[in-house]
Amino acid sequence: MKPAPFVHHAPRTLDEAITALADVGHDGKVLAGGQSLIPVLNMRLAQPAHLVDINRVAGLDTVTVTDTHVRVGATVRHAVLQKNDEAYAVLPLLRQALRNVAHPAIRNRGTTVGSIAHADAAGEMPSIAVLTEAVMEIVGPGGRREVAAGDFFEGPLQTMLKADELLEAVRFGRFGATTRTTFIESARRHGDYALAGVGVAVDLDGQGRDAVVRTARAAYVSVTDIPVVIDLTEAVAGQSISSSWDGIDDLVQAGIAPEADIHATSEYRRMLAAELTRRALTIATTEEDA
């Protein structure tokens, strides 16, 4: 199928983009990478009368690393961020998650910020946003505002973005020097939507094999309607890095609400999420490049 007719807007500046969005209102959609939007248009699940294409807007394609965060602009491609060594050096979790996003062809065009704005419960990057306590930089006709990732997602494919607003950038928060991270997921084929996935951030006390867990947090993919963070600390604090992580099953399964579909039952997804959490904790605490 082909999309319904629409008017294509190609602003050159951020002000022009915001003006276009304000003019078209609910009849408009922002086009960045388009890897989620275009299939929806082709299947006519959405039929916006206007597409505001921000790919020509200067300044939205930058990655900035500071002492506190990694700022990713709205048109930065997944592949560009994945390959950014400066971002990887201070926040490895970004690359750890991005290498699980779809397939290389999709990562070459799709945008990280667009994925977050799309708010798909099966997407990897919304979970990373909440785990890193990211800040959303939103701009609209009324000016700029910043929203914490934990407040940004309102439901499946729903965020607090208004129709005339643009998610200009996301600032992913950096972890402390003693925090280790990883991201793993289980899918029928690599690149397919995950049956379940988890990213973890584990703060360690001590060095080497004598280290023990101080705190641990996890965020999940495909098992919650909106990305949430589960604090695992009460179950794993004080355990050594060679632990079997007993005690996390009830904590994980109480914090998720997976739905059944043709690929897996809700019970299987609950079990899988807990098992992936144990594996992720082990990888994060014992492997040099988790």
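Aspartate 53 lies in strand S3, which spans residues 50-53, and the model in which it is described here is a predicted one. With a relative accessibility of 8%, aspartate 53 counts as buried, because buried means under 20% relative accessible area. Setting aside its neighbours within four places in sequence, aspartate 53 is in contact with His8, His9, Ala10, Pro11 and Leu31. The side chain of aspartate 53 also takes part in polar contacts with the side chains of histidine 8 and asparagine 55, as the table sets out.

| Side chain | Partner side chain | Polar contact distance |
|---|---|---|
| aspartate 53 | histidine 8 | 3.0 Å |
| aspartate 53 | asparagine 55 | 2.7 Å |

After H8 comes glutamate 133, whose phi is positive, with a value near 50°.

The model also holds one cavity of 30 Å³ or more, and the space in the largest cavity comes to about 40 Å³. Its lining is formed by Asp120, Ala121, Gly123, Pro126, Ser127, Tyr220, Thr224, Ile226 and Pro227, and by class this lining has five nonpolar, three polar and one charged residues.

Note on methods: Residues are numbered from 1 along each chain as its sequence is written. This is a predicted model: local features need pLDDT of at least 70, side-chain atom pairs count only at pLDDT 80 or more; totals for chains, interfaces and linings use all residues. Side-chain values use heavy atoms; hydrogens and water are left out. On a 1 Å grid over the protein atoms alone, a cavity is a set of points where a 1.4 Å probe fits but cannot get out, and a pocket is an open set with protein on both sides within 12 Å along at least five of seven lines; lining residues have an atom within 4 Å of a point. Grid points are joined across faces, edges and corners, and a volume is the space filled by probe spheres set on the points. Ala, Val, Leu, Ile, Met, Phe, Trp, Tyr, Cys and Pro count as nonpolar, Asp, Glu, Lys and Arg as charged, and the others, Gly among them, as polar. Helices (H or I, at least four residues) and strands (E, at least two) are DSSP runs, numbered from the N terminus. Buried means under 20% relative accessible area, exposed over 50%, partly exposed in between (1.4 Å probe, protein chains only). A polar contact is a pair of N or O atoms within 3.5 Å; within protein, one must be able to donate a hydrogen and the other to accept it, and residues adjacent in sequence count only if both atoms are side-chain atoms. Contact means heavy atoms within 4.5 Å.
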